[in-house]
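Biologist: I have not looked at this structure before. Could you take me through it step by step?

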Amino acid sequence: MDYIEHGQFKVYYSAQSREIAERLMNITEKSYPVFKDLFRADHDLGLEIFWADDEDWDKIPLCRHKGNYGMPHMVKGKHHTHLVILPAANLDMPETLVRIIEPLLDMKELSEDDLRKLTGWLAPMRGTTGEELRKYLSSADFYVDFLVEIVHMHEIMHDFCYEFGIPENYGRDGRKAWWVFEGLAQWSVLWVQRHLGNEQWAYIHELLYRWMYRTGRKQQGNVSPIQYENYAWFHGALVEMFCQLEEQFGSDYGPAVLSLLLENIQGRDYLNDLEVVAIFSSVAGQDLSQWFNTKWQITGQKPSFS
Ligand SMILES: [Zn+2]
């Protein structure tokens, strides 16, 4: 694979994807200072990004999903390497992504306001009619945009979380708050894209995931959205959860929660569900345990810190 290298960043790409590789480098360089700020990082992190074509999978180091075009992932572990592996656009659109955009393709489900914003933001590049938007949203172009503007931000956030003490093996057993690990990655897309002046991507991210959550809910009935095995829908629920909190407590709320999480996780392997809920409550200035319990079915052990 060819690569571009700028300072601590390296983007590997297949021959026909130079333009996308440059775009990935650009957004990585722009967003890194924002992530560093969020974590009050005292050192730099390197990052290797793979824009992996179908035939490139063999050449990717430590790839857990070889032969499987599943969504991108980081390699985890104590001394993790800083890798982001993105499936290039010559692969079929992963099922997860189809699930995410599906609700938006049925535009009559959108409110007037959402449709107006979506059309307004996408029109200059992508056309003005509902039909043109629908075409764009189901195209490889959108797949690339989605990976670069949304998924890549999500993966960088994971890297910072690993590096500064919020591990993925946070637990999937309902005891340890795994949801906060994936939640942070989703929420950071909003924080970082807004900070970069890319309001439209923050908004499209919000719209996609909240719509998927709401429409999925009708089909799923009364199951816990944050434990449900439908991986895409789980992410939708996390975005819905966070956007509701943000609507109530303001746009500084999320980064403040991150700060307190980082403080409290020092010297610990993980925090359990109720410890995380206590942190959300503390930043909100009110007890949110009822809300987390009834709305998201987050229950568990009592906090071990006060
Ligand atoms: Zn993730």
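Modeller: Helices, of at least four residues, and strands, of at least two, are DSSP runs numbered from the N terminus. The model is a predicted one.

Biologist: How many helices and strands does the protein chain have?
Modeller: Counted as such runs, the secondary structure of the protein chain comes to 11 helices and four strands.

Biologist: Which class of exposure does Arg40 fall in?
Modeller: Arg40 lies in the loop between α1 and β3. Arg40 is not a glycine, yet its phi is positive, about 45°. Because Arg40 has 10, the residue is exposed.

Biologist: Which way do β2 and β3 run, and what is the hand of the crossover between them?
Modeller: Strand β2 (residues 9–13) and strand β3 (residues 47–52) run parallel and are joined by five bridges. Phe9 stands opposite Leu47 in β3. From β2 the chain passes through helix α1 (residues 18–38) to β3, and this β-α-β crossover is left-handed.

Biologist: Which residue of β4 is the bridge partner of Ala52?
Modeller: β3 also runs parallel to strand β4 (residues 83–87), with five bridges joining them. Glu48 stands opposite Leu83 in β4. For Ala52, the partner in β4 is Pro87.

Biologist: Which residues cover the two faces of β4?
Modeller: In a regular strand, side chains alternate between the two faces of the sheet. In β4, five of five residues are buried. Both faces are covered, with Leu83, Ile85 and Pro87 on one side, and on the other Val84 and Leu86.

Biologist: How far apart are the end C-alpha atoms of helix α7, and what span should they have?
Modeller: Helix α7 (residues 199–220) has 22 residues, and its buried ones include Trp201, Leu208 and Trp211. At 1.5 Å a residue, α7 should span 32 Å. The end C-alpha atoms agree with this, being apart by 31 Å.

Biologist: What share of the 306 residues in the protein chain is buried?
Modeller: Among contacts with a separation of 6 or more, residues 24 or more positions apart account for 63%. The buried share of the 306 residues is 39%.

How values were computed: Residues numbered from 1 in each chain as written. Predicted model: local features only at pLDDT ≥ 70, side-chain atom pairs only at ≥ 80, totals over all residues. Expected span 1.5 Å × (residues − 1). Buried ≥ 20, exposed ≤ 12 C-beta atoms within 10 Å, placed from the backbone. Pairing = 2+ DSSP bridges. Right-handed = clockwise from strand over helix to strand, strands pointing away. Contact = placed C-beta atoms within 7 Å.
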